[in-house]
Amino acid sequence: FPSEHPEAEMAMDDWRCALSCIKSRRVYLQRKAVASVPRYGLDGHPKGQVSDSEAQSAGRRLATLEQKWLRMQAQQENISGQ
C-alpha cells in the first residue's frame, strides 16, 4: 500500500478510518443487508451486486448496532428518570 491515497491526499490510516466510519453507519448496513441490490464504488457508479453472504453479514452487524442503540437509549431513560 502506498503511504497516501493519491486522489484524496490522505494518509492510509486516515483512509481506512474514513471507510470504517462509512461502513458502520446504519443506512449503509440497511442498504447492504439486501442481497442482489447494486453496490456502488467510491465514484458513485454501480460495482456489482450485494451477495447473499454480504447481506447476511450486514444484517448481523445491523442487529448488533440496533441492540447497542436500544441499550444506550434505555440507559439514558434510566438516568433521566432518577
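View 1. The model is a predicted one, in which local features need pLDDT of at least 70 and side-chain atom pairs count only at pLDDT 80 or more, while totals for chains, interfaces and linings use all residues. Residues are numbered from 1 along each chain as its sequence is written, and side-chain values use heavy atoms, with hydrogens and water left out. Cys 17 is partly exposed as well, with a relative accessible area of 46%. The sulfur of Cys 17 has its closest cysteine sulfur in Cys 21, at 4.4 Å, and this is too far for a bond, because a disulfide asks for a pair of cysteine sulfur atoms within 2.5 Å.

**View 2. The chain as a whole, with its helices and strands.** The chain has 3 helices and 4 strands, which are DSSP runs numbered from the N terminus (helices H or I with at least four residues, strands E with at least two). Read from the N terminus on, the elements follow one another as β-β-α-α-β-β-α. Of the 82 residues in the chain, 11% are buried.

View 3. Side chains of opposite charge can pair when their charged atoms come close. Arg 16 counts as partly exposed at 42% relative accessibility, whereas Asp 13 is exposed, with a relative accessible area of 57%. The structure holds 4 salt bridges.

**View 4. Glu 54 and Arg 39, a salt bridge across distant parts of the chain.** Glu 54 forms a salt bridge with Arg 39, and the closest N and O atoms of the two are 2.6 Å apart. The pair links helix α3 (residues 52-81), which holds Glu 54, to strand β3 (residues 38-40), which holds Arg 39, across 15 residues. Glu 54 is partly exposed, with a relative accessible area of 25%, and for Arg 39, also partly exposed, the value is 25%.

**View 5. The salt bridge of Asp 43 and Lys 47.** Asp 43 pairs with Lys 47 in a salt bridge whose closest N and O atoms are 3.4 Å apart. Asp 43 counts as partly exposed at 46% relative accessibility, and Lys 47 counts as partly exposed at 48%.

**View 6. A nonpolar surface patch of Leu 19, Ile 22 and Leu 42.** Together these three residues have about 280 Å² of accessible area, computed by the Shrake-Rupley method with a 1.4 Å probe and, for residues, with only the protein chains shown as cover. Patches are built from residues with over 30% relative accessible area and no salt bridge, like charges being joined within 9 Å and nonpolar side chains (Val, Leu, Ile, Met, Phe, Trp, Tyr) within 5 Å. Ile 22 lies in helix α1 (residues 12-23) and is partly exposed, at 41% relative accessibility.

**View 7. Helix α2, with Val 27 and Leu 29.** Helix α2 (residues 26-32) contains Val 27, which is partly exposed with a relative accessible area of 30%. Leu 29 also has its place in helix α2, but Leu 29 counts as buried, at 3% relative accessibility. The C-alpha atoms of Val 27 and Leu 62 are separated by 9.3 Å, although the residues are 35 apart along the chain. Those of Leu 29 and Ala 63, 34 residues apart along the chain, are separated by 9.7 Å.

**View 8. Arg 26 over the face of Trp 69.** Arg 26 lies over the face of Trp 69, at 5.3 Å from the ring centre; a charge is placed over a ring if NZ of Lys or CZ of Arg is within 6 Å of the ring centre and within 35 degrees of the ring normal.

**View 9. Ser 36 in the loop between α2 and β3.** Ser 36 has a positive phi of about 75°, although it is not a glycine. Ser 36 is partly exposed, with a relative accessible area of 47%.

Technical notes
A salt bridge is a side-chain nitrogen of Lys or Arg within 4 Å of a carboxyl oxygen of Asp or Glu. Buried means under 20% relative accessible area, exposed over 50%, partly exposed in between (1.4 Å probe, protein chains only).
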